[in-house]
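User: Please pick one part of this model and go through it closely. Give the cut-offs behind each term as you use it.

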Amino acid sequence: MDYLIKSVTHNGHFRAYLTDMSDLVRKAAEIHHSSPDATTVLGRALIATALTGTSLLKGSDQIHVAINGRGPIGQIVTETNAQAQLRGYVTNPQASVAKRADGQPNVPVLVGLNGSLRLTKVQPGLEPYTGEVALTTGEIGDDFTYYLAQSEQIPSAVGVSIFVNSKNLVERAGGFLIQTMPGASDNELNLLEQHLGRLPNISSMLAEGLQAEQIFAKFFGQTKMTILDKIPVTLAAPLPKKWYADALGTLPKTELTAMIAEDHGAEIVDRFNGHKYQFSEEELKAILAAGK
């Protein structure tokens, strides 16, 4: 089962989050029938969203992320809540570009750099808060790192990694988020930077079977860690039909009337999971009448 672990160093100078989301990214690829390139991009965005959301959210809070670099992949949209229930899609799930010289997907070219990462935090009873930053590298992890530093004022390091095998199947998908807390010394920061620079990507470490404590030891050396929580990471359940009925009720009456007269019904496809919702002519008439 996919999981996300929250931890803190004993001296309180760093918070660290680690996730294995191999099953979830594999399921997302199946839902969207995505190319290996698009799977890599969407998977990275889902992982970074889960890590960021877990660090920022509580209770019934949610975040909505939209990344648009005007590259071949189109827009990348992801959402999560404090319980790490995720969903996401890309505009063009069949996007593909030439690989880098090392054979890895060229994520910056897929994403593009002529755009931004926009994150909206939704908290019950409060006005939504939206932060937006220009894309820095298009690598997804770097852009979330930049967002956290600029919009949330939290010095962070986000690493995300997907391994898609020669049969176009997701073998491993995971990531980490490390946040610097007040009191961290320059020496500690330098050591952490050195450790991170020497490490293989997170999907490789997960594929080796390394446990969370072993991976944290690679991050922080001899610094002791306390595991605070381990939570399951899952795909969010499809929205109920009533949610879409309510959404239809917000449309101009002329649009609803046209659906009834011309199409005698409506079909709505959820872009997050491909579910189709059918509304009969009678149902549309009832929605129209309720709005009067």
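Analyst: **Charged pairs and the sheet**

Aspartate 37 has a relative accessible area of 3% and is buried (buried means under 20% relative accessible area, exposed over 50%, partly exposed in between, with a 1.4 Å probe and protein chains only). The model is predicted, so local features need pLDDT of at least 70 and side-chain atom pairs count only at pLDDT 80 or more, while totals for chains, interfaces and linings use all residues. Residues are numbered from 1 along each chain as its sequence is written, and side-chain values use heavy atoms, with hydrogens and water left out.

The side chain of aspartate 37 forms a salt bridge with that of lysine 99, at 3.9 Å from N to O (a salt bridge is a side-chain nitrogen of Lys or Arg within 4 Å of a carboxyl oxygen of Asp or Glu). The two residues are 62 apart and link distant parts of the chain: aspartate 37 is in helix H2 (residues 36–56), and lysine 99 is in the loop between strand E5 (85–90) and helix H3 (107–111). Helices (H or I, at least four residues) and strands (E, at least two) are DSSP runs, numbered from the N terminus.

A further salt bridge joins arginine 44 to glutamate 139, with the closest N and O atoms 2.8 Å apart. Arginine 44 is in helix H2 and glutamate 139 is in the loop between strand E7 (129–134) and helix H4 (141–151), so this pair ties together parts 95 residues apart in sequence. Arginine 44 is buried at 14% relative accessibility, whereas glutamate 139 is partly exposed at 21%. By the salt-bridge rule the count comes to ten.

Now the sheet. Five strands form an open sheet in the order E8-E9-E2-E1-E10, with antiparallel pairing (two strands pair if DSSP finds at least two bridges between them). Strand E8 (156–164) and strand E10 (225–232) are at the edges with a single partner strand each, so one side of each has no neighbour in the sheet. From one strand to the next, the twist averages 15° (axes are lines fitted to C-alpha atoms, for helices over the stretch in contact, and angles run from 0 to 180 degrees between N-to-C directions).

Helix H2 lies across E1, E2, E8, strand E9 (170–180) and E10, and runs at about 145° to E8. Helix H4 also packs on the sheet, where it touches E8 and E9, and its direction makes about 160° with that of E8. Contact here means heavy atoms within 4.5 Å.
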